[in-house]
Number of protein chains: 2
Amino acid sequence: MTEKRFALKGICIYSKDREILEIKDGYVLCENGVSQGVFEALPEADSDIKCYDFSGKLIIPGLIDLHVHAPQYPIRGYGMDLELLAWLEKYIFPEEAKFSDLEYAEKVYGAFAEALLKSFTTRACVYGTIHTAAGLKLMDLLEETGLKTMVGKVNMNRNCPEALSEGEASEALEDTEKWLKASEGKYRNTQPILTPRFIPSCTDALLYGLGRLKVRYGVPYQSHLSENPSEIEWVKRLCPDSENYADAYARRGAFGPESKTVMAHCVYLNDEEIELLSEKEVFVAHCPESNINLASGIAPIRKYLSKGIHVGLGSDVAAGSTLNLFVAMRSAVQASKLYWRLLHSDEVPISMEEAFYLATKGGGAFFGRVGSFEKGYRFDAVVIDDSRLAADGTASQEMTVKERLERMMYLGDASCLASKFVDGILVR
Amino acid sequence: MTEKRFALKGICIYSKDREILEIKDGYVLCENGVSQGVFEALPEADSDIKCYDFSGKLIIPGLIDLHVHAPQYPIRGYGMDLELLAWLEKYIFPEEAKFSDLEYAEKVYGAFAEALLKSFTTRACVYGTIHTAAGLKLMDLLEETGLKTMVGKVNMNRNCPEALSEGEASEALEDTEKWLKASEGKYRNTQPILTPRFIPSCTDALLYGLGRLKVRYGVPYQSHLSENPSEIEWVKRLCPDSENYADAYARRGAFGPESKTVMAHCVYLNDEEIELLSEKEVFVAHCPESNINLASGIAPIRKYLSKGIHVGLGSDVAAGSTLNLFVAMRSAVQASKLYWRLLHSDEVPISMEEAFYLATKGGGAFFGRVGSFEKGYRFDAVVIDDSRLAADGTASQEMTVKERLERMMYLGDASCLASKFVDGILVR
């Protein structure tokens, strides 16, 4: 599909602001990959442009997955009986070690790329493994989908099985730089992102070196921060030089101004850490289902939003069970309700409108002007056919658009995807 | 299907006890609607009986839904923005009022019965509305499915809209007794259950009268108990004669020995209430998704189990979003993890094995010897085709049976139902 200018007709939904949905039955207009806004009727001058008719269907900005592990895709939805550190040892490291085998990697990453294409996601921050060849294969496969992704070769050189250790920091950094050079600018849709697994997995030499690569190449940076109490204690012991977990990353160059950084989880940040993330404009990838499944806890998202921190959602497969970000929206709402009820009655729950905002415009900002149909935003659009959900009930034909969108969060799955556009290109 | 004796071949899974799954690739044998146990090979004497070949598929006892509202089926999956009492006023009462229209009732209840048949549930405790004619229609429709259900005409005569009030207690009781007489013994699969909505909706005269009907007819009894803090405060004001919410029910005849009683939610029971429910052998219908969606809280199920209380699971549609009890299992695990993490580090989370037990043998006990393939249990069996979930990944063919079952809790939906037997009869 190469139309310079085209429109989608249907029920357009996007976030006016964090709390208000803009809903218009009409046309969303695209020119050169950029949204021109939503109109009740096509402007007269556009009466002859290509118009995809999705009348009655829901059209939303593409969903943004700020945190997902591609190699873990095959083992999602089970092994939910352990906390983070034991879970990594028992389930994750053995799985990731398999990716030294390029044939296995191609099979799994092929399935992952296909599933991501069939999901509601248009852009994602993706973790691979330490294996460069497998990682480049993942980038190749994701490139073909037309989805916009940032993909990380994972860095690890301590506290992990031999098979997953990159060894000396100098070697790891050399490999990482080679991978950066091999991948940066190679793709239209895919770009590298620096990806130390988390502080316990990386020596200081490796982390400081990655911080220098961040400055040199200006590429974005992702990692895990403050997910589990035992992990936090461990980092405290590993980084006696630092005030706290976030500060440990900051000192090691993770939050520099030269490029964006996203940190997954952030369940237990203290006030100083919140201040630091806000000041450095670090994004938080909120992964509520993962945080529940690994019994990590509940991240205080209301507080982060009130402090002006950028927040988006992550599926965090495989600690999260699904690539379906509607589940992440629902989980964000649910987790925030329990946080309010059980812990802090002054931090009101996240509304469904806010969860939608987080999954679109909130996370989208990590990719630029992304996550809205307002004029000037990159044209990512997902078309939803929820007739299966309506037919399944009886009074559903009387549902409002908002109710239909909310039901997608509780009952929708990938079978409801009707069509998907990324950056103005029809990809599905 | 009328075979006196037959077998199902496949991977049979049932709870040996609360913590241990019994898994056997073999045959589960049925005679006259009763399980004869699971065998690795068919006994020689049975070599010529009918055998349904479900090789490679999972065969589990039918799931038991101890708490579901049929009239709320059309409005599940949205309106999750309020707590219990406001939610009832805004969403539920207007919906339930529609069931004075028998045509509307037939349409909705038809869809509900069909969806329940297509679910993994074989037995359920079902709420209707106050409307007797619609309630009998619901019973007719459920009877046809072959599922075993207890169905309640709901009693309400205070603190509710005019359209949903039965008015004078004497009239309400007369109507209820007529309904009992009209329905008891009429069906093979369906039986009436006394169903006051909850104490705030029923005058004392009505509740005491229902207690007398319980004694006179020996029919089971269901209601809501201790779901939401505001509700609990309200009951305290409404029942100054009673020690607590559970005691208020007990005094009004809800927990008599003449028949079984199941109480939904039980989120905030104190020690005296726990003692009372344990002593009276009252069942708790744990509805974790509902309790999260309405921000009610988390029921301390670990404690209830340790006190010997009977616990089963409820979907609680429409505060729960789905009839799929695998979701209730997952939600029970998830809620218990947060309870452990956020509130009581000495109450260990519910394991997936325990959640499976609750959804089968735990709730099954409300229906007699139900919920297991052990010899002597009623033969309810659900056959699961999870190949869609396996194909969706890549390494899944290497999954263990336990992992496949656990994945059903996170990713399975009704499309995975291959076949269903209730009381020895093939219903789907």
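Rings of Phe, Tyr and Trp (the six-membered ring for Trp) are taken as a pair if their centres lie within 6.5 Å, with planes under 30 degrees apart called stacked, over 60 edge-to-face and the rest tilted. In this predicted model, local features need pLDDT of at least 70 and side-chain atom pairs count only at pLDDT 80 or more, while totals for chains, interfaces and linings use all residues. Residues are numbered from 1 along each chain as its sequence is written, chains are lettered from A and ligands numbered from 1 in the order written, and side-chain values use heavy atoms, without hydrogens or water.

Over all chains, 32 aromatic pairs are found. One of them joins Tyr52(B) and Phe421(B) edge-to-face, at 5.2 Å centre to centre and 75° between the planes. Because Tyr52(B) belongs to strand β4 (residues 50-61) and Phe421(B) to strand β16 (residues 417-422) of chain B, this pair ties together parts 369 residues apart in sequence; strands here are DSSP runs of E, at least two residues, numbered from the N terminus. Both Tyr52(B) and Phe421(B) are buried (under 20% relative accessible area, 1.4 Å probe, protein chains only). In chain A, one aromatic cluster includes Tyr52(A), Phe54(A) and Phe421(A).

A charge also meets a ring: the charged end of Arg76(A) sits over Tyr73(A), 3.9 Å from the ring centre (CZ of Arg or NZ of Lys within 6 Å of the centre and within 35 degrees of the ring normal).

Turning to the cysteines, zero disulfides (sulfur pairs within 2.5 Å) occur over all chains. For Cys12(A), the nearest cysteine sulfur is that of Cys51(A), 9.9 Å away. Cys12(A) is buried, at 0% relative accessibility.

Note on methods:
Helices (H or I, at least four residues) and strands (E, at least two) are DSSP runs, numbered from the N terminus. Buried means under 20% relative accessible area, exposed over 50%, partly exposed in between (1.4 Å probe, protein chains only).
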